[in-house]
Amino acid sequence: MDEFMTLLNEALGKKTFIKCIWSNPRTKDHYQKVILKPILLKNELALQLAKTKDNKEYHENIALDEVPSKLTDLLTGFKQVQLYTTSNDYQCLINKKYKWHIKKQAPSLTAPTSLSHNRQKQYILDTTSSQDFLKALGLMDEKGQIKPSKYDKYKQINRYLEFVSDCTSYLDKEPIRIIDFGCGKSYLTFALYHYLTHILNKKVEVIGLDLKKDVIAFCEDLARKLGYTHLHFQVGDIGTYTTDQPIDMVVSLHACNTATDAALEKAVGWGAKVILAVPCCHHEAYTQINNDTLSPILKHGILKERIAALVTDGLRAQLLESCGYEVSVMEFIDMAHTPKNILIKALLKRNASVSTASYDAYCKIAKMLHLDLTLERSLKSIDKL
């Protein structure tokens with residue numbers, strides 16, 4: 001801790017500090033993430049803490065001399081801290097005995113363009129090194145500006161990378177092997193590869209899988225043009241895909257209906273340390289869900305559809321918990337930008353084992369709603385339940 005505080009105070013004193021992010025909390029009742037950033041208050045430099053809990057953000061402005069007392073609890077309440085300065089990045093991992101391991105890396109962010117109270121958001125890809133990647137995907141013009149028509153996609157990519165950033169401590173062995181099921185046009189697949197290799201300097205092997213041959217051909221060609229030598233795309237079906245390599249992370253974004261369940265089953269079967277899934281469509285539960293007490297609500301199609309979607313994702317999360325994962329269900333992107341806005345993040349616990357209590361809770365809900373869902377059957381078939 002002392003070494004970290006020395007680095008932070010040095011960055012503040014030399015005015016090289018950009019921001020600091022606390023993530024991977026030790027307990028569920030703690031803040032999920034905290035960001036420390038500089039601001040100007042009445043023309044004087046100060047700091048702002050943005051604390052996220054239950055998908056709500058709380059702000060607290062602090063003076064520079066308050067840093068030691070305000071940060072003590074944060075330093076012990078999280079397993080990971082990222083310190084960004086104009087000189088270097090520092091990744092700090094804290095084990096159960098509160099022993100710190102600090103890794104110094106090349107700087108990935110430029111200095112904030114403004115220190116005003118409502119300054120423009122500093123995005124992960126807001127760096128010079130990302131320009132070739134952003135231009136190749138058509139998000140940035142030749143002048144280095146994000147195209148107005150692509151700004152929502154740009155925000156979505158950065159939001160996605162924030163989730164990935166929170167998971168990097170689980171991806172501790174290289175090369176990191178990643179499968180992206182149903183990758184489509186692969187904006188986020190390219191972003192993931194670029195972030196891990198060009199910004200975090202990690203060795204990775206990424207495969208994007210999709211059924212559309214023309215899309216896969218386009219993505220494979222673009223990967224070669226960008227020089228992304230360890231990013232490959234294949235035509236294939238999620239359910240039949242196999243590999244003899246260990247898989248560290250599985251991504252499934254907008255896979256329709258039970259295709260998401262197929263991706264989750266593969267991930268659990270491989271023992272993937274990180275799972276990020278953004279489901280799309282929930283037809284299976286919609287055709288099954290039934291409860292006499294809820295019939296006055298379920299008789300309305302639009303309400304039944306929304307309830308079925310939420311129940312499906314909630315039960316997916318419960319099954320992943322049953323298989324030994326620590327699971328969070330969060331807003332992926334604002335509903336105004338896309339209705340496909342729920343992200344399921346699952347991190348494999350150390351010495352993970354089947355949780356009988358979690359599975360019993362799942363069974364109770366499934367029985368109450370008369371649901372026989374694909375994911376449960378699939379996990380049983382591979383002896384994970």
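Trainee: Which residues does Ser 169 touch, not counting residues up to four places away in sequence?
Mentor: Bearing in mind that this is a predicted model, Ser 169 touches Asn 24, Gln 80 and Leu 93 once those sequence neighbours are set aside. With Asn 24 there is also a polar contact of 3.2 Å between the two side chains.

Trainee: And where is Ser 169 placed?
Mentor: Ser 169 lies in the loop between α4, which covers residues 151-167, and β8, which covers 176-181.

Trainee: Is Ser 169 buried or exposed there?
Mentor: Ser 169 has a relative accessible area of 18%, and buried means under 20%, so this serine counts as buried.

Trainee: Switching to the sheet, what order do its strands come in?
Mentor: Seven strands form an open sheet with mixed pairing, and their order is β10-β9-β8-β11-β12-β14-β13. The edge strands, each pairing on one side only, are β10 (231-235) and β13 (325-331). Direction ignored, neighbouring strands of this sheet are turned by 15° against each other on average.

Trainee: In which sense do β11 and β12 pair?
Mentor: Strand β11 (residues 249-256) and strand β12 (residues 274-280) pair in the parallel sense, over six bridges, and Leu 253 stands opposite Val 278 in β12.

Trainee: Now the whole protein: how many helices and strands does it have?
Mentor: The protein has twelve helices and 14 strands. Its radius of gyration is 22 Å, close to the 21 Å that the globule rule gives for 385 residues, so the protein is as compact as a globular protein of that length. Buried residues make up 51% of those 385 residues.

Technical notes
Residues numbered from 1 in each chain as written. Predicted model: local features only at pLDDT ≥ 70, side-chain atom pairs only at ≥ 80, totals over all residues. Heavy atoms only, no water. Pairing = 2+ DSSP bridges. Helix = DSSP H or I, 4+ residues; strand = E, 2+ residues; numbered from the N terminus. Axes fitted to C-alpha atoms, helices over the stretch in contact; angles between N-to-C directions. Buried < 20%, exposed > 50% of the residue type's maximum accessible area, 1.4 Å probe, protein only. Polar contact = N/O pair within 3.5 Å; in protein donor to acceptor, adjacent residues only side chain to side chain. Contact = heavy atoms within 4.5 Å. Rg over C-alpha atoms; globule rule 2.2 N^0.38 Å.
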